[in-house]
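Please describe the structure shown here.

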Amino acid sequence: LQTALNSLNKYGALWPDVDVDGRMGPATLSALRLAISRGDSGMILKAVNVLQAYYYLTRRKEEFVRGWLAQRVMF
């Protein structure tokens, strides 16, 4: 989520960058609220799904990739 928010914020023009630390702290929540208030919830969902797919594709577990993509990633 943090990577997605940072990628969609137009270099900090829409909301400040957040630390990509895996924690849902006040900065992440604030950025998420700003993004949602701008109507960017669909774009955030798409970005998170792309990042999730990338994560699965880079795990080197070819026997599981098709299932992960079919069951865990929305397109």
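What pattern does the chain follow, read along the sequence? The pattern is α-α-α-α. The chain has 4 helices and 0 strands. Helices (H or I, at least four residues) and strands (E, at least two) are DSSP runs, numbered from the N terminus.

This is a predicted model, in which local features need pLDDT of at least 70 and side-chain atom pairs count only at pLDDT 80 or more, while totals for chains, interfaces and linings use all residues. Residues are numbered from 1 along each chain as its sequence is written, and side-chain values use heavy atoms, with hydrogens and water left out.

**Overall build**

The C-alpha trace spans about 40 × 25 × 20 Å along its principal axes. Of the 75 residues in the chain, 28% are buried. Buried means under 20% relative accessible area, exposed over 50%, and partly exposed in between (1.4 Å probe, protein chains only). Contact means heavy atoms within 4.5 Å. Among contacts with a separation of 6 or more, 34% come from residues 24 or more positions apart.

**The loop between H1 and H2**

Helix H1 covers 2-8 and helix H2 covers 26-37.

Is asparagine 9 buried or exposed? Asparagine 9 counts as buried because its relative accessibility is 0%. Its side chain makes a polar contact of 2.7 Å with the side chain of aspartate 17. A polar contact is a pair of N or O atoms within 3.5 Å; within protein, one must be able to donate a hydrogen and the other to accept it, and residues adjacent in sequence count only if both atoms are side-chain atoms. Not counting residues up to four places away in sequence, asparagine 9 touches Leu14, Trp15, Pro16 and Asp17.

**Helix H3 and its packing**

Helix H3 (residues 41-57) has 17 residues. Its first and last C-alpha atoms are 24 Å apart, close to the 24 Å expected at 1.5 Å a residue. That expected span is 1.5 Å times one less than the number of residues. The buried residues of H3 are Ile44, Ala47, Asn49, Ala53 and Tyr56. They pack against H1, H2 and helix H4 (62-72).

Leucine 57 belongs to H3. Leaving out residues up to four places away in sequence, leucine 57 touches Val65 and Leu69. The C-alpha atoms of leucine 57 and tryptophan 68 are separated by 9.1 Å, and the two residues are 11 residues apart along the chain.

**Nonpolar cores**

A nonpolar core is a set of buried Ala, Val, Leu, Ile, Met, Phe, Trp, Tyr and Cys residues joined through side-chain atoms within 4.5 Å. Which residues make up the largest nonpolar core? It has 7 residues: Leu5, Trp15, Val18, Ala31, Leu32, Ala35 and Ile44. H2 gives the largest share of this core, 3 residues. A second, separate core of 5 residues includes Ala53, Tyr56, Val65 and Trp68.
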